[in-house]
Amino acid sequence: MVSMVQNVAIDCANAYELARFWSRVTDRPLHPEDRPGEPETQVMLAEGPVLHFNQVSEPKTIKNRIHLCLRPETSRDEEVERLMALGAGFVADHRNPDGSGWVILADPEGNEFCVLRSESDRAAMNS
């Protein structure tokens with residue numbers, strides 16, 4: 001017997017608004033029953049667990065111990081620009097001169113996440 005991951009839970013101050021941000025990031029819908037003001041909201045990913053946003057009263061104060069890593073369909077650099085236009089904040093740049101590496105961004109509530117190289121970025125580097 002094993003356990004399956006049902007969801008990735010993200011504590012936040014405004015569950016609905018943060019879920020809307022992540023819905024735009026992933027281009028996936030919110031759960032059909034979720035409405036503004038709900039203390040729990042979900043983004044229904046195409047595969048794997050859902051992103052579950054849980055409203056809590058305490059603010060985020062330290063670096064995340066667990067974070068999401070995104071592999072974009074477009075280039076990493078184009079995706080970083082797109083995500084920042086959606087409201088992500090820049091945290092750190094771990095890109096290397098040879099094209100490898102990643103960028104750390106934060107969602108509107110300060111939760112860090114990484115943007116990795118796309119498959120096409122990786123293929124171009126290996127050719």
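User: How many aromatic pairs does a search of the whole structure find?
Analyst: This is a predicted model, in which local features need pLDDT of at least 70, side-chain atom pairs count only at pLDDT 80 or more, and totals for chains, interfaces and linings use all residues. Residues are numbered from 1 along each chain as its sequence is written, and side-chain values use heavy atoms, with hydrogens and water left out. Rings of Phe, Tyr and Trp (its six-membered ring) pair if their centres lie within 6.5 Å; planes under 30 degrees apart count as stacked, over 60 as edge-to-face and the rest as tilted. The search of the whole structure finds aromatic pairs numbering two.

User: Why is the pair of Phe21 and Trp22 classed as it is?
Analyst: The ring centres of Phe21 and Trp22 are 5.5 Å apart. Their planes stand at 85 degrees, so the pair is edge-to-face.

User: Which residue in strand E7 pairs with Trp22 of helix H1?
Analyst: Helices (H or I, at least four residues) and strands (E, at least two) are DSSP runs, numbered from the N terminus. The edge-to-face partner of Trp22 lies 4.9 Å away centre to centre, with 70 degrees between the planes. The pair links parts of the chain 91 residues apart, and the partner in E7 is Phe113.

User: Are Trp22 and Phe113 buried or exposed?
Analyst: Buried means under 20% relative accessible area, exposed over 50%, and partly exposed in between (1.4 Å probe, protein chains only). By this rule, Trp22 and Phe113 are both buried.
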